[in-house]
Amino acid sequence: IDKYYKKIFFVFVPNVCDAQCYFCYIEPSLSKGAAYSDSWLHKIETFISISKQVGFNEFRFTGGEPLLFDNFAELVKIISRQKVEYTLLTNGIRLNKHIDCILSYRPKKITISYHSKEKYEEIFGVSGDSSLMEATIKKLLQEDISIAITILLLPENIYEIISHIQY
């Protein structure tokens, strides 16, 4: 666990997403909202407890899209009770909606897929507001939340890649 996984366990939440990225390798179902069931939350709490016992101390949540779930706060409350760290991998579309939760239950890091400012809607395949995402990222950085940005080099964003990397 320490040697191969660095004590980090990846948890793929149910395979739904609020984007339709043509390059996505998992092809999640498109959804505008979801909720973790009480049964799933109970199972994840048990799972985290057992995983801690064998040496895992960080959980990375990815999907689909973890922030698509309206009761995401319930998940991070479990993590807090279990006294483990978590990292969030997200497309960032709903980042602003969960900012209070994120500030209350601080992740070790948030990795955000943010491939373009100018071609945001074309790349994500849904309407959205890249300015809102940027404002939310700035607020999180001001609150000392560690942020990593992933950028895929695509035909749609190649001309803005230098400015995007500088951002």
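Helices here are DSSP runs of H or I with at least four residues, strands are runs of E with at least two, and both are numbered from the N terminus. The model is a predicted one, so local features need pLDDT of at least 70 and side-chain atom pairs count only at pLDDT 80 or more, while totals for chains, interfaces and linings use all residues. Residues are numbered from 1 along each chain as its sequence is written, and side-chain values use heavy atoms, with hydrogens and water left out.

On the buried side of H2 sit Leu41, Ile44, Ile48 and Ser51. They cover an arc of only 90° around the axis, which puts them on the same side of H2; the arc is that of the directions from the helix axis to the C-beta atoms. An α-helix has 3.6 residues a turn, so residues three or four places apart point the same way. The buried residues of H2 pack against strand S1 (8-12), strand S4 (58-62) and helix H3 (72-82), where contact means heavy atoms within 4.5 Å. As for length, the 16 residues of H2 (residues 38-53) should span 22 Å at 1.5 Å a residue, and the end C-alpha atoms are 23 Å apart, which agrees; the expected span is 1.5 Å times one less than the number of residues. Just after H2, Gly55 has a positive phi of about 120°.

How does H2 sit against H3? The axes of the two helices come within 10 Å and cross at roughly 30°. That makes H2 roughly parallel to H3, given that angles under 35 degrees count as roughly parallel, over 145 as roughly antiparallel, 65 to 115 as roughly perpendicular and the rest as oblique. The axes are lines fitted to C-alpha atoms, for helices over the stretch in contact, with angles from 0 to 180 degrees between N-to-C directions. From the H2 side, residues including Trp40, Leu41, Ile44 and Ile48 meet a set in H3 that includes Leu75, Ile78, Ile79 and Gln82.

H3 has its own buried set: Phe72, Leu75, Val76, Ile78, Ile79 and Gln82. Seen down the axis of H3, they fall within an arc of 150°, so they line one face of the helix. Their cover includes H2, S4, S5 and H4. Just after H3, Lys83 takes a positive phi of about 55°.

Turning to the loops, His98 lies between strand S5 (85-90) and helix H4 (99-104). At 6% relative accessibility, His98 is buried, and its contacts include Phe72 as well as Leu67, Phe69 and Asp70, leaving aside residues up to four places away in sequence.

Lys7, in the loop between helix H1 (2-5) and S1, has a positive phi of about 65° despite not being a glycine; Lys7 is partly exposed at 32%. Asp144 also has a positive phi, near 60°, in a residue other than glycine. Asp144 belongs to the loop between helix H6 (130-142) and strand S7 (147-150) and is exposed, at 66% relative accessibility.

Ile151 comes in the loop between S7 and helix H7 (161-166) and is partly exposed at 28%. Among the residues Ile151 touches are Tyr114, His115 and Ile165.

Note on methods: Buried means under 20% relative accessible area, exposed over 50%, partly exposed in between (1.4 Å probe, protein chains only).
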